[in-house]
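Thanks for asking me to look this one over. Here are my notes, as numbered points, to read with the structure open beside you.

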Amino acid sequence: MDEVVRRKVPRVPWRLAVTAAAVTAAATVWSATVGTGGVPARGFLLVLFVAGLPLLARHAPTAFTCACLLTGTVLLWVSLIGAAFGLGPVVAAALLLLAASVADPDNPPSGCSVALAAALMLLILPVGLCWVY
């Protein structure tokens with residue numbers, strides 16, 4: 001029988017993802033307390049949940065890489081759209097997650113993951129422009 005080999009995510013990408021989650025938590029708590037209003041508490045909880053998704057893949061390096069790439073893309077758009085509500089600092093977390101997705105040379109993002117992230121950017125762009133205008 002084949003045996004499942006459990007591997008952990010290397011130290012550098014993991015630390016980048018943990019730092020991104022901490023930056024997102026700090027920015028979200030600050031925005032929720034000082035924010036300009038207009039955003040329900042569920043919106044801030046959703047941002048916290050999305051930022052923590054890659055941390056669930058500690059023992060699956062390939063899934064971790066894909067989760068960091070997609071979560072970083074989503075948080076990048078959340079930070080741009082949510083800048084008016086105080087979520088601008090989340091751009092740092094998005095960039096940290098995008099860096100974590102390529103920091104492991106043994107598990108680079110696959111072409112499918114990169115294509116999905118690019119499609120996600122193109123899909124969110126019109127939604128973001130409609131939201132702003």
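What is the handedness of the crossing of H3 and H4? H3 and H4 cross in a left-handed manner; a crossing gets that name if the near helix is turned anticlockwise from the far one by less than a right angle, and is right-handed if clockwise.

1. **Ground rules.** Please keep in mind that this is a predicted model, in which local features need pLDDT of at least 70 and side-chain atom pairs count only at pLDDT 80 or more, while totals for chains, interfaces and linings use all residues. Residues are numbered from 1 along each chain as its sequence is written, and side-chain values use heavy atoms, with hydrogens and water left out.

2. **Overall make-up.** The protein chain has 5 helices and 0 strands, and its elements follow the order α-α-α-α-α from the N terminus. Helices (H or I, at least four residues) and strands (E, at least two) are DSSP runs, numbered from the N terminus. Of the 133 residues, 33% are buried; buried means under 20% relative accessible area, exposed over 50%, and partly exposed in between, with a 1.4 Å probe and protein chains only. Taking contacts between residues at least 6 apart in sequence, 78% join residues at least 24 apart, where contact means heavy atoms within 4.5 Å.

3. **H3 against H4.** Back to the pair from the opening question: helix H3 (residues 61–81) and helix H4 (residues 90–102) pack at an angle of about 155°, with their axes 8 Å apart. That makes the two helices roughly antiparallel. Axes are lines fitted to C-alpha atoms, for helices over the stretch in contact, and angles run from 0 to 180 degrees between N-to-C directions. Angles under 35 degrees count as roughly parallel, over 145 as roughly antiparallel, 65 to 115 as roughly perpendicular and the rest as oblique. On the H3 side the contact includes Phe64, Thr65, Cys68 and Leu69, and among its partners in H4 are Val90, Val91, Leu97 and Ser101. By class, this contact has 11 nonpolar, 6 polar and no charged residues. Ala, Val, Leu, Ile, Met, Phe, Trp, Tyr, Cys and Pro count as nonpolar, Asp, Glu, Lys and Arg as charged, and the others, Gly among them, as polar.

4. **H1 against H4.** Helix H1 (residues 11–34) meets H4 at an angle of about 165°, and their axes are 8 Å apart. H1 and H4 are therefore roughly antiparallel, and their crossing is left-handed. From H1 the contact includes Leu16, Ala20, Val23 and Ala27, and from H4 it includes Ala93, Leu96 and Ala100. The classes here are 13 nonpolar, 2 polar and no charged residues.

5. **H1 against H3.** How are H1 and H3 oriented, roughly parallel or roughly antiparallel? Their axes come within 12 Å and cross at roughly 30°, so H1 and H3 are roughly parallel. This crossing is left-handed. Pro13, Trp14, Ala17 and Thr24 of H1 make the contact with Phe64, Cys68 and Leu75 of H3. The contact has 6 nonpolar, 1 polar and no charged residues.

6. **The cysteines.** How many disulfides does the count give? The count is 0, taking a disulfide as a pair of cysteine sulfur atoms within 2.5 Å. The closest cysteine sulfur to that of cysteine 68 is in cysteine 66, and at 9.5 Å it is too far for a bond. Cysteine 68 is buried, at 0% relative accessibility, whereas cysteine 66 is partly exposed, at 26%.

7. Threonine 65, in H3, is buried because its relative accessible area is 3%. Beyond its neighbours within four places in sequence, threonine 65 touches Ser101, Asn107, Pro108 and Pro109. Serine 110 sits in the loop between H4 and H5 and is partly exposed, at 38%. Its C-alpha atom is 8.0 Å from that of cysteine 66, although the two residues are 44 residues apart along the chain.

8. **Alanine 117.** Helix H5 (residues 111–132) holds alanine 117, which is buried at 5% relative accessibility. Leaving aside neighbours within four places in sequence, alanine 117 is in contact with Leu69, Leu70 and Thr73.
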